[in-house]
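The structure comes first and the notes follow.

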Amino acid sequence: MNLFLELLLFLGTLAFSYLEAFVKLFVPVKRKSVSGELVLITGAGHGVGRATAFEFAKRQSRLVLWDISKHGVEETAAECRRLGATVQTFVVDCSKREEIYSAAEKVKKELGDVTILVNNAGVITAADLLSTQDHQIERMFEVNILAHIWTTRAFLPAMMSNNYGHIVTVASAAGHFVTSFMVAYCSSKFAAVGFHKALTEELSTLGKDGIKTTCLCPVFINTGFVKNPSIRLGKILEIEEVVEALMEGIVTNQKMVFVPSNQRVALLLERVFPERALNFLNKMTNVKFDAVTRQGSTQ
């Protein structure tokens with residue numbers, strides 16, 4: 001096909017896509033059931049991971065919960081059982097590839113194929129780059145992105161074989177927008193968003209349309225991991241509203257879930273506004289939190 005015809009085809013596809021998106025505004029979204037699915041959630045001992053486990057338990061999913069804290073993951077499991085779910089727990093340090101692979105083998109051998117994988121485990125250090133210790137930088141990348149890759153490699157083969165499954169990447173607004181005093185964290189979350197996008201594209205190329213992907217990108221959440229966060233334009237999110245948006249994204253197979261949803265507008269503005277205007281807008285937003293800062297060299 002020559003270039004002119006391809007251009008006409010693109011314009012036709014573009015017009016149809018806009019029409020399709022408009023029609024979908026008035027058509028109820030089809031929701032899938034997660035009842036009976038084997039759902040594995042990392043970082044399930046607290047925060048978003050714990051609340052996500054509760055939501056899957058309410059929907060009669062079978063749960064596999066991982067966390068580095070035995071006490072935390074057992075507390076989550078107890079509540080999930082009270083909600084009527086069957087639960088298995090594993091103490092796993094997601095910064096260690098060997099622990100991930102070992103626990104994954106036990107899950108597959110004892111419980112079967114994981115059909116929904118929620119890569120939620122994450123760590124954060126709020127400090128300027130020179131104040132962030134080497135081991136803190138390494139751990140953020142080990143947990144925030146490498147763990148996603150190891151768990152996906154462990155459970156993807158069965159999903160590929162069955163052409164069925166759902167992989168959830170819990171990333172952050174920091175995977176799209178940068179914030180001072182979070183250089184390493186933002187870098188790891190940009191990597192997580194990139195992992196989600198690349199994996200989604202690869203699955204499409206391989207024709208595995210039965211495997212769905214969802215990426216969650218919230219702004220600051222009231223979890224206590226960042227001290228005294230505040231934002232002038234917007235608000236600090238509560239865990240429940242983030243998990244509500246995540247579950248809606250999963251059951252409707254949304255690829256990217258922004259919380260709040262107006263981040264889509266901010267992304268567009270970042271692409272079209274001049275640098276001076278963006279700098280002014282960032283000052284208006286005025287994101288603040290307690291961070292360790294210092295001047296000097298790491299040498």
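Which hand does the crossing of α5 and α6 have, left or right? The crossing of α5 and α6 is right-handed; a crossing counts as left-handed if the near helix is turned anticlockwise from the far one by less than a right angle, and as right-handed if clockwise. The model is predicted, with local features requiring pLDDT of at least 70 and side-chain atom pairs counting only at pLDDT 80 or more, while totals for chains, interfaces and linings use all residues. Residues are numbered from 1 along each chain as its sequence is written, and side-chain values use heavy atoms, leaving out hydrogens and water.

**Helices α5 and α6**

- Helix α5 spans residues 134-162 and helix α6 spans residues 183-205; helices (H or I, at least four residues) and strands (E, at least two) are DSSP runs, numbered from the N terminus.
- The axes of α5 and α6 lie 8 Å apart, and the packing angle is about 15 degrees; axes are lines fitted to C-alpha atoms, for helices over the stretch in contact, and angles run from 0 to 180 degrees between N-to-C directions.
- That angle makes α5 roughly parallel to α6; angles under 35 degrees count as roughly parallel, over 145 as roughly antiparallel, 65 to 115 as roughly perpendicular and the rest as oblique.
- Residues in the contact include Ile137, Met140, Phe141 and His148 of α5, and Tyr185, Lys189, Phe195 and Leu203 of α6, where contact means heavy atoms within 4.5 Å.
- By class, the contact of α5 with α6 has 14 nonpolar, 5 polar and 1 charged residues; Ala, Val, Leu, Ile, Met, Phe, Trp, Tyr, Cys and Pro count as nonpolar, Asp, Glu, Lys and Arg as charged, and the others, Gly among them, as polar.

**Helix α2 and its partners**

- Helix α2 (residues 47-58) and helix α3 (residues 70-82) have axes that come within 9 Å and cross at roughly 25 degrees.
- The two helices α2 and α3 are therefore roughly parallel to each other, and α2 passes α3 in a right-handed crossing.
- Arg50, Ala53, Phe54 and Ala57 of α2 meet Gly72, Glu75, Thr76, Glu79 and Cys80 of α3.
- The contact of α2 with α3 has 4 nonpolar, 2 polar and 3 charged residues.
- With helix α7 (residues 239-251), the axis of α2 comes within 9 Å and crosses at roughly 55 degrees, which makes α2 oblique to α7.
- The crossing of α2 and α7 is right-handed.
- Gly47, Val48, Ala51, Thr52, Glu55 and Phe56 of α2 make this contact with Ile239, Val243, Leu246, Met247 and Ile250 of α7.
- The contact of α2 with α7 has 8 nonpolar, 2 polar and 1 charged residues.

**Backbone details**

- The peptide bond from Val259 to Pro260 is cis, with omega near 0 degrees.
- Pro260 sits in the loop between β7 (256-259) and α8 (263-272).
- Asn163 is not a glycine, yet has a positive phi of about 50 degrees.
- Asn163 is in the loop between α5 and β5 (165-170).
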